[in-house]
Amino acid sequence: NLDGYVNAVHPLAFAAKANALDTPNYYQVMNRPDAELFVKTMEEEMAALYDLNAWEVIDQADVPYTTDGTQHMVIESTWVFKVKRFMGGLMKKYKARLCMRSDQQVEGMDYFETYALVVSWSTLQTVMTLAVNLGLKFRQVDHTNAFVQATLPENEEVYMSLPCRWE
């Protein structure tokens, strides 16, 4: 029974300190007084993607046609922003991630399989509680640009529009 371990940890140990200002959309970011800090993270994200040769920029008119004669779908991109904070609420880091609008994709046509390694909050809480109570060390790893590290099958291609500021 892990109840004793979980209850022994301070209740604020797992408190999330996020609010709507910490997860703005693109237009909110561009109108903030700290917009230049988000723009810097956007530029770093784009530079990392270019360094990885994550894509080849082509004209939309050059997007090829599928075997049934329709042009491949070009999925819109979007920016996801996050302000990371220290435990006391002070700003720690600005993050900007370029994402595809997966809500525009159709299963069986635009994609055939998805996989995302995730962990439930209760599992993470249990592991962290055990680590603290057993004197184990743990650390967080944030793998930048993880989605572009995946390999697409040879017969699959993905087309995405360039994000705001890079069109």
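In this predicted model, Gln 104 is found in the loop that runs between β3 and α4, the latter covering residues 121–133. Gln 104 counts as buried because its relative accessible area, 19%, is under the 20% cut-off. Its side chain reaches the backbone nitrogen of Glu 76 at a distance of 2.9 Å, and, when neighbours within four places in sequence are left aside, Gln 104 is in contact with Met 73, Ile 75, Glu 76 and Asp 110.

The lining is divided by class in the table below.

| Class of lining residue, second largest pocket | Number of residues |
|---|---|
| Nonpolar | six residues |
| Polar | seven residues |

The largest nonpolar core has twelve residues, namely Tyr 26, Val 29, Phe 38, Met 42, Met 46, Leu 49, Trp 79, Phe 81, Val 83, Tyr 94, Ala 96 and Leu 98. At least two residues of this core come from each of α2 (26–30), α3 (35–51), β2 (77–85) and β3 (91–100), and α3 gives the most, with four residues.

Val 83, one of the members of this core, touches Leu 21, Asp 22, Arg 32, Phe 38, Met 91, Lys 93 and Tyr 94, when residues up to four places away in sequence are not counted.

How values were computed:
Residues are numbered from 1 along each chain as its sequence is written. This is a predicted model: local features need pLDDT of at least 70, side-chain atom pairs count only at pLDDT 80 or more; totals for chains, interfaces and linings use all residues. Side-chain values use heavy atoms; hydrogens and water are left out. Ala, Val, Leu, Ile, Met, Phe, Trp, Tyr, Cys and Pro count as nonpolar, Asp, Glu, Lys and Arg as charged, and the others, Gly among them, as polar. A nonpolar core is a set of buried Ala, Val, Leu, Ile, Met, Phe, Trp, Tyr and Cys residues joined through side-chain atoms within 4.5 Å. Buried means under 20% relative accessible area, exposed over 50%, partly exposed in between (1.4 Å probe, protein chains only). Contact means heavy atoms within 4.5 Å. A polar contact is a pair of N or O atoms within 3.5 Å; within protein, one must be able to donate a hydrogen and the other to accept it, and residues adjacent in sequence count only if both atoms are side-chain atoms.
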